[in-house]
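Please read the notes below with the structure open beside them. They are set out as numbered points, and each can be checked on its own.

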Amino acid sequence: MTTTSVPTRRGLAKVGPAFITAALVFGPGSITTASSMGAEFAYELVWVPVIATILMLCFVDLCVRIGLSADAGPIGTISARFTRAAGVLVGLGAFAVTASFQAGNSAGTGAAMSVLFGGDATFFAVLFTLLGLGFVWLPSFYRHLERVMVVIILALVVIFLITAAVARPDVGQVVSGLVPTLPTGSAALVVGAAATTFSVVGALYQIQLVREKGWTAADYGTARKDAVAGTLILGGLSFVIMIAAAAVLNPRGATVQSPADMATILEPSIGAWASTLFALGLWAAAFSSLVGNSTIGGSMLAGALNIEAGGLSSVRVKVCISVVILLGGIVAAVFGGLPVQLIITAQAVTIFVVPLIGVLLVWLGRAPERGELKLSVAQLVLATVGVLFLVLLAVNYLRNLL
């Protein structure tokens, strides 16, 4: 088993993989989609991040179980249980999913820096794309990735808790919004929000992350605590941004077309500092996802090409990760800003790939090689509900397109 981590019983060695998952899943798309939902539909869609978080908890734990009892990375594990063709299909599909998000991550770093310092957003997007590329090639990449992601995700928690606190949302309407409804015209946003929190591809990569950490089946308790903490933070961030947007933007009839629109969430109490604080949060989310999302996409591409051996220490895997980063940077440079509609559309498109991955993960969770970590019947039921939820979203989204 490949590992580049520090010993698992000291300090931050007890946490990390799920925090990386949270940081890479929570990006500019998460902020954009959550803000758009609150601005357009107030509190009616509060149920979406709540249900998505519950399902994500199930699938992250499922993938922790697989990773702790597997002898290969995610694509190798799928190929061994099913067929090489299935592994290639999942690898290329996951690569396509992450690549569709990457442009938004690069553009998000540029947009945030442009708000903070002025100047051309495209220049900053290219700059941070190159910095992200350099980060990937650092020695002991996983150890650096883990430390940076933990710091960034904790910083995001502070920034967006402030966002929720100053917005003073209507608690009664928040509670009412927990009852699932689907307002007219909300399908694309619901699918996008589900994709940014209930990320089956992000959960899938947990298989590799626990291997990079060096954890074994004996570390399941520690791994599970990490998974719960990271996933709750992921869902909580989307939740607080959505209710803040519902409290501030919706009463004004405002729409989300740019980072400046989203920054107005903080204006009632912070005033001129709103843009600065929000831009810092946007940059943190964007840069963490720029590196983390590309790590998933590149690793999945390497798996599809059967060159994933060595994990994040492998030069060939790093080359694949670099390809994803460069693709995102090029698209961001062409668009020259934060393409809000492109982000929402890209998130929605992912919903057609992930149900298949979900089915294979559930199957793996019940496979004999899981041993004592085999998925319980209760979790099997919840995981099946998760897959059906993804299928329902895909069908509903397709119906609205037609």
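**Notes on the salt bridges, helices and surface**

1. Asp-61 and Arg-65 both belong to helix 3, and because they are four residues apart there, about one helical turn separates them. The two form a salt bridge in which the closest N and O atoms are 2.9 Å apart. Both Asp-61 and Arg-65 are buried. This is a predicted model, so please treat the distances here as computed values.

2. Asp-61 has a further partner: a salt bridge to Arg-224, with the closest N and O atoms 3.9 Å apart. This pair joins distant parts of the chain, since Asp-61 is in helix 3 and Arg-224 is in helix 11 (residues 220-248), 163 residues apart. Asp-61 is buried because its relative accessible area is 5%, under the 20% cut-off. Arg-224, at 41%, is partly exposed. Together, Asp-61, Arg-65 and Arg-224 make up a network of salt bridges.

3. How many salt bridges does a search of the whole structure find? The count is three. Besides the two that involve Asp-61, there is one between the side chains of Arg-81 and Glu-369, at 2.6 Å from N to O. Arg-81 is in helix 4 and Glu-369 is in the loop between helix 17 and helix 18 (377-401), so that pair also links distant parts of the chain, 288 residues apart. Arg-81 counts as partly exposed at 32% relative accessibility, and Glu-369 as partly exposed at 36%. In general, side chains of opposite charge can pair when their charged atoms come close.

4. For the chain as a whole, the secondary structure consists of 18 helices and zero strands. The chain has 402 residues, of which 60% count as buried. Among contacts with a separation of 6 or more, 85% are between residues 24 or more positions apart.

5. Helix 6 (residues 121-136) has 16 residues, which should span 22 Å at 1.5 Å a residue; the end C-alpha atoms are 23 Å apart, in agreement. Its buried residues include Phe-124, Phe-128, Leu-133 and Phe-135. At the start of helix 6, a side-chain oxygen of Asp-120 comes to within 3.1 Å of the backbone nitrogen of Thr-122.

6. Is helix 17 mostly covered or mostly open? It is mostly covered, with nine of its twelve residues buried. Among them are Val-354, Ile-357, Leu-360 and Leu-364. From first to last C-alpha, helix 17 (residues 354-365) reaches 16 Å, close to the 16 Å expected.

7. Two loop residues deserve a look. Ser-186, in the loop between helix 8 and helix 9 (187-197), is buried with a relative accessible area of 0%. The Ser-186 side chain reaches the backbone oxygen of Pro-183 at 2.6 Å, and, leaving aside residues up to four places away in sequence, Ser-186 touches Phe-41 and Leu-45. Ala-72, in the loop between helix 3 and helix 4 (74-81), is partly exposed at 26%.

8. Val-50, Ile-54, Val-171, Val-175 and Leu-178 make a nonpolar surface patch of about 410 Å². Helix 3 (47-68) and helix 8 (171-176) are the elements that give two or more residues to this patch.

Definitions and conventions: Residues numbered from 1 in each chain as written. Predicted model: local features only at pLDDT ≥ 70, side-chain atom pairs only at ≥ 80, totals over all residues. Heavy atoms only, no water. Buried < 20%, exposed > 50% of the residue type's maximum accessible area, 1.4 Å probe, protein only. Contact = heavy atoms within 4.5 Å. Patch = residues over 30% accessible without salt bridge, like charges linked within 9 Å, V, L, I, M, F, W, Y side chains within 5 Å. Areas by Shrake-Rupley, 256 points an atom, 1.4 Å probe, with all protein chains shown as cover. Salt bridge = Lys/Arg side-chain N within 4 Å of Asp/Glu carboxyl O. Expected span 1.5 Å × (residues − 1). Polar contact = N/O pair within 3.5 Å; in protein donor to acceptor, adjacent residues only side chain to side chain.
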